[in-house]
Amino acid sequence: MTQGKSNKKILIIIGACLVMLAILFGVVYSFFAPKGQQGSKTIGLTVVFSEGNQKEYTLHTDAEYLGDALRERKLVEGSDGPYGLFIETVDGVTADDDNQEWWCITKDGEQLNTSADQTPIADKEHYELTLSKW
């Protein structure tokens, strides 16, 4: 009987430690997560619809994150997901799920691992939205 009680105590202690670690990681992440630059800024945006078919934009915004800046100009539409805005339409062009199309976000040609709502922006940065296929 004492062996069973001892195992339960160990499991409870381990569970409590895991919960505490998760909370600690959340707090640390919120401190060190990238933050958007406050105040007025100008960013460049290239929308690539297909090879040889692209459009350039200059966005003047006070937004701290890319998703907000794109919504301000009504350049994108999409659905809210667990990571924020999932871009489905850019400048009136909708990615076709049947053709396995999606909008890829890049910054100076480098693919981002964050959604538009999680991408902090700063003055004079440049982003690209490219209609891509899997």
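The dialogue below goes from the chain to one pair of strands.

Tutor: This is a predicted model, in which local features need pLDDT of at least 70 and side-chain atom pairs count only at pLDDT 80 or more, while totals for chains, interfaces and linings use all residues. Residues are numbered from 1 along each chain as its sequence is written, and side-chain values use heavy atoms, with hydrogens and water left out.

Student: What radius of gyration does the protein chain have?

Tutor: This radius is taken over C-alpha atoms, and the globule rule is 2.2 Å times the number of residues to the power 0.38. The C-alpha atoms fill a box of roughly 75 × 40 × 25 Å along the principal axes. A compact globule of 134 residues would have a radius near 14 Å, whereas the protein chain has 21 Å.

Student: What share of the residues of the protein chain counts as buried?

Tutor: Buried means under 20% relative accessible area, exposed over 50%, and partly exposed in between (1.4 Å probe, protein chains only). Of the 134 residues, the buried share is 31%.

Student: Which residue in β4 is the bridge partner of Asp80?

Tutor: Two strands pair if DSSP finds at least two bridges between them. Strands β3 (residues 76-81) and β4 (residues 84-90) run antiparallel and are joined by six bridges, with a hairpin of two residues linking β3 to β4. Within β4, the partner of Asp80 is Leu85.

Definitions and conventions: Helix = DSSP H or I, 4+ residues; strand = E, 2+ residues; numbered from the N terminus.
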